[in-house]
Amino acid sequence: MTMRAATAAGFLAATALLAALAPQASAAPVPQPQSATAETKAEAARAAAAPGTMATLSRFFAREGKVSAAAARPRVEGEAIPVHYLSPDFVAGRAGASVARLEFLASKAVSSDGQQAALWTARTEAGWEVVNIATGDDEFRYAQLGAAKLPGGTVFREPQIDAWYVAQGARVLPLDEDAVRAVGERGTSLTAYRARVATAYGDKLPGSAYAEAGKAGGYEAGAAADGPTALGAGAVAGTLAVGAVGVLAVRRRRVVRV
């Protein structure tokens, strides 16, 4: 089971662990590829396995005293996988827009005592880099669940309610309890799902008054970690989580900005 979101103080303390990668954080993200290829997966894998990343992971896994940094001995397992989020173009009803779009690639990191974390890698001006570290195995677990439930479908996350789905053709099926609450146990049609997210987020897209007020892409100051996020820059609008602290405070997870 993944961890509950960190408090603001906990978030800042965890962020301090990433000082070794701080120079990389200054590189701005650029639009991600439309799909994950063997080349992009290889680039993401190299970034995830870099010595600096491993050193940071050792401290990350040791942050709560479960294991010492020296004994953590982190390793990366398997290949990087694509992670898709609900697309703002789909919410806006743009012709031909897919329900989800590629946001980043994730590599699974495991410590010597069994702790797991996801290394979020994205293409920046400096090349492929690790931009976030998140506890747990959500990305990998839901990818497997989605492949089993709807082979060939696209697994994606609706970050505003932390819900995971798999979509193929005209079907959208839930993969977790949050998604079940949103679309029911049997799922829904793509058309019905589009209507739901348009109602929920249509007035919160980039360029909206909501976004112009500075609320898009995260939680308002003082908002609870379980609250909804806006569908805007920093959430699924191409800036990833590099500039949106609110998006990082995902429910049941400790996510650290690099």
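These are my notebook entries on a predicted model of one protein chain.

**Ground rules**

I number residues from 1 along each chain as its sequence is written, and I keep to heavy atoms for side-chain values, leaving out hydrogens and water. Because the model is predicted, local features need pLDDT of at least 70 and side-chain atom pairs count only at pLDDT 80 or more, while totals for chains, interfaces and linings use all residues.

**The whole chain**

I began with the inventory and found eleven helices and nine strands in the chain; here helices (H or I, at least four residues) and strands (E, at least two) are DSSP runs, numbered from the N terminus. I then looked up burial, where buried means under 20% relative accessible area, exposed over 50%, and partly exposed in between, with a 1.4 Å probe and protein chains only. Of the 258 residues of the chain, 49% count as buried. The chain exposes about 11,300 Å², and carbon and sulfur atoms supply 54% of that area; the areas come from the Shrake-Rupley method with a 1.4 Å probe, and for residues only the protein chains shown count as cover. For contacts, meaning heavy atoms within 4.5 Å, I took those with a separation of 6 or more, and residues 24 or more positions apart account for 59% of them.

**Strands β3 and β4**

I turned next to β3 (residues 116-124) and β4, which run antiparallel and are joined by eight bridges; two strands pair if DSSP finds at least two bridges between them. The two strands form a hairpin with two residues between them, and I noted R123 with its bridge partner W128 in β4. Strand β4 (residues 127-135) is mostly covered, since eight of its nine residues are buried.

**Helix α3**

Which residues of α3 (residues 38-48) are buried? I found T40, A44, A47 and A48. They cover an arc of only 100° around the axis, which puts them on the same side of α3; the arc is that of the directions from the helix axis to the C-beta atoms. An α-helix has 3.6 residues a turn, so residues three or four places apart point the same way. On the face turned away from the buried side of α3 I listed the exposed residues A38, E39 and R46. The cover over the buried residues of α3 includes α4 (51-61), β1, β2, β3 and β4.

**Helix α7**

Helix α7 (residues 138-149) has twelve residues and reaches 16 Å from its first C-alpha to its last, close to the 16 Å expected at 1.5 Å a residue, where the expected span is 1.5 Å times one less than the number of residues. I marked D138, E139, F140, Y142 and G146 of α7 as buried, and what covers the buried residues of this helix includes β1 (75-86), β2 (100-110), β3, β5 (154-158) and β6 (163-168).

**Residue Q168**

Q168 is found in strand β6 and is partly exposed, with a relative accessible area of 35%. What does Q168 touch, leaving aside its neighbours within four places in sequence? I found it in contact with L150, P151, G152 and G153. The backbone oxygen of P151 lies 3.0 Å from a polar atom of the Q168 side chain.

**Two positive phi values**

Most residues other than glycine have a negative phi, and most peptide bonds are trans. I noted R73 with a positive phi near 40°, in the loop between α5 (69-72) and β1. I noted D162 as well, with a positive phi of about 55° although it is not a glycine, in the loop between β5 and β6. Are these residues buried or exposed? R73 counts as exposed at 56% relative accessibility, whereas D162 is buried, with a relative accessible area of 3%.

How values were computed: Polar contact = N/O pair within 3.5 Å; in protein donor to acceptor, adjacent residues only side chain to side chain.
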